[in-house]
Amino acid sequence: RIIVCSETSRSDFISEVTKRAKGLPLYVKLVIDDIRDGQYEGFNRGRLPRDLARYYDRLLKRHRIDRLAPITTDLVCLIAIAKDALTVAQLDHLFVKDRLPGSTDEERRVLLCDALDVMGSMLRCQPNMELKIGYSLYHHSLREHLDPPRDDHGSARHRDQEGNPLDVWIANAKRIMAHMCSKVAQDGIETAGEFRSYSTRF
């Protein structure tokens, strides 16, 4: 909880959150999620990202620096471009097996679930068209942040805090999805595995 002292009519931290949120409830949600995770000890206003785009940059960067780094950002991007909520089994079939060769099914499943858990503030669980629980983006603005409009020269307008074009991640996710679709087209729907129903619908 954020406790506002009864002797004062305002909280500097809350006022700064309100200012930087610019009317976007999603920014406030991300702040609350981070408070629960202990990211704002002492309610330091200086640690608040200046806007929602910078918040997304921070979250994506945070998830690239631990043991989950090999899969987190690509997972978000795969979920972003999917036309339906993706289940854990589908994400494993589509991506994780190739990214973590030599690991057992149980090791991959644990790592995948851990990655989805730490990215919880950016994702939501919901039934897909088969009524199986899958993952989709919490808000479409993250998709727009990852895959921004291009300028007249075909370059991405937005870059992350390290200067990398954000849509590089989306491009890689599209290649992974295209490879899956190409394989199904070549080898037949029987080879689609967890994507059999997805392939027939989309």
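**Figure 1. Helix α4 and its buried residues.** Thr 72, Thr 73, Asp 74, Leu 75, Val 76, Cys 77, Leu 78, Ile 79, Ala 80 and Ile 81 are the buried residues of α4. Buried stands for under 20% relative accessible area, exposed for over 50% and partly exposed for values in between (1.4 Å probe, protein chains only). Because 10 of the 10 residues of α4 (residues 72-81) are buried, the helix is largely enclosed by the rest of the structure. Helices (H or I, at least four residues) and strands (E, at least two) are DSSP runs, numbered from the N terminus. The model is predicted: local features need pLDDT of at least 70, side-chain atom pairs count only at pLDDT 80 or more, and totals for chains, interfaces and linings use all residues. Residues are numbered from 1 along each chain as its sequence is written, and side-chain values use heavy atoms, with hydrogens and water left out.

**Figure 2. Helix α1 and its buried side.** In α1 (residues 12-21), Phe 13, Glu 16, Val 17, Arg 20 and Ala 21 are buried. They lie on the same side of α1 because they cover an arc of only 130 degrees around the axis, the arc being that of the directions from the helix axis to the C-beta atoms. An α-helix has 3.6 residues a turn, so residues three or four places apart point the same way. The buried residues of α1 pack against α2 (25-36); contact means heavy atoms within 4.5 Å. Thr 18 and Lys 19 are exposed, on the face of α1 turned away from its buried side.

**Figure 3. Surroundings of Lys 132.** The loop between β1 (123-127) and β2 (133-137) contains Lys 132. Lys 132 counts as partly exposed because its relative accessibility is 43%. Leaving aside neighbours within four places in sequence, the contacts of Lys 132 are Thr 87, Gln 126 and Pro 127. Ala 85 is 47 residues from Lys 132 in sequence, and the C-alpha to C-alpha separation is 8.7 Å.

**Figure 4. The second largest pocket.** This pocket holds about 160 Å³ of space. Its lining consists of Ile 81, Ala 82, Lys 83, Lys 174, Met 177, Cys 181, Tyr 198, Ser 199 and Phe 202. On a 1 Å grid over the protein atoms alone, a pocket is an open set of points where a 1.4 Å probe fits, with protein on both sides within 12 Å along at least five of seven lines; lining residues have an atom within 4 Å of a point. Helix α8 gives the most to this lining, with 3 residues.

Methods:
Points joined across faces, edges and corners; volume = space filled by probe spheres on them.
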